[in-house]
Amino acid sequence: MKKVSKLFLILFIAASSMYSQSEEKQKMNDLSFMVGDWVGISKSFSKKGTKTVTAHEEISYSLDKHIITIDLKSESLQLHTIIYYDSKEMTYYYCPYSKRGMGKYAGKFEEGKFIVHFNPTNRLIFKRTAKGEFQEYGEQLKDGVWTKYFEDTFPLIP
């Protein structure tokens, strides 16, 4: 009887692990719209006006599609980011690394957008535009209205 119980337990753990891995891959597949080698314009908005710089963003899957890596390079920012899905917590995590350090923030995929909240008043949104461009922008909540503080737009290159 003990052999049957041990075998059942081993099979249960293996099946649970395989289900978890396939769920993670499916969730990561939802973010496939981000993957590409993108070159475009980064705009930052402030009271002083709009600043525009060229930006290059390499976004790819790694570790058998269990993570996405983002390497952003522009005149104003260099960033390496890892995105993954935690099936136990049922949450995406956005982990940016810069010269100043790193962070870990929860994200969600809804209505074709990947949204990361840094806190209740700051968020980051990744999406595709109606033209098929890849767009990333940051917003701050001011007086109940979300206002962009930066926007990166990367045209679709055939």
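Predicted model: local features only at pLDDT ≥ 70, side-chain atom pairs only at ≥ 80, totals over all residues.
Trainee: Which elements give two or more residues to the lining of the largest cavity?

Mentor: The lining is made up of Glu-57, Ile-70, Leu-72, Leu-79, Thr-81, Tyr-94, Phe-126 and Glu-136. The elements that contribute two or more of these residues are β3 (67–74) and β4 (78–86).

Trainee: How do the residues of that lining divide into nonpolar, polar and charged?

Mentor: Glu-57 and Glu-136 both belong to the lining, and glutamate counts as charged. The residues of the lining divide into two charged, one polar and five nonpolar.

Trainee: Why is β3 described as largely enclosed by the rest of the structure?

Mentor: Buried here means under 20% relative accessible area. The strand β3 is largely enclosed because, of its eight residues, the number that are buried is six.

Trainee: Which residue stands opposite Asp-71 of β3, and which stands opposite Thr-69?

Mentor: On one side, β3 runs antiparallel to β2 (residues 49–62), with eight bridges joining them, and Asp-71 has Glu-58 opposite. The strands β3 and β4 also run antiparallel, joined by seven bridges, and the residue of β4 opposite Thr-69 is Ile-82.

Trainee: Which residue in the turn between β2 and β3 has a positive phi?

Mentor: A hairpin through three residues joins β3 to β4, whereas the hairpin formed by β2 and β3 has four residues between the strands. In the turn between β2 and β3, the residue with a positive phi, of about 50°, is Leu-63.

Key. Residues numbered from 1 in each chain as written. Heavy atoms only, no water. 1 Å grid on protein atoms, 1.4 Å probe; cavity = no way out; pocket = protein on both sides within 12 Å on 5 of 7 lines; lining within 4 Å. Buried < 20%, exposed > 50% of the residue type's maximum accessible area, 1.4 Å probe, protein only. Pairing = 2+ DSSP bridges.
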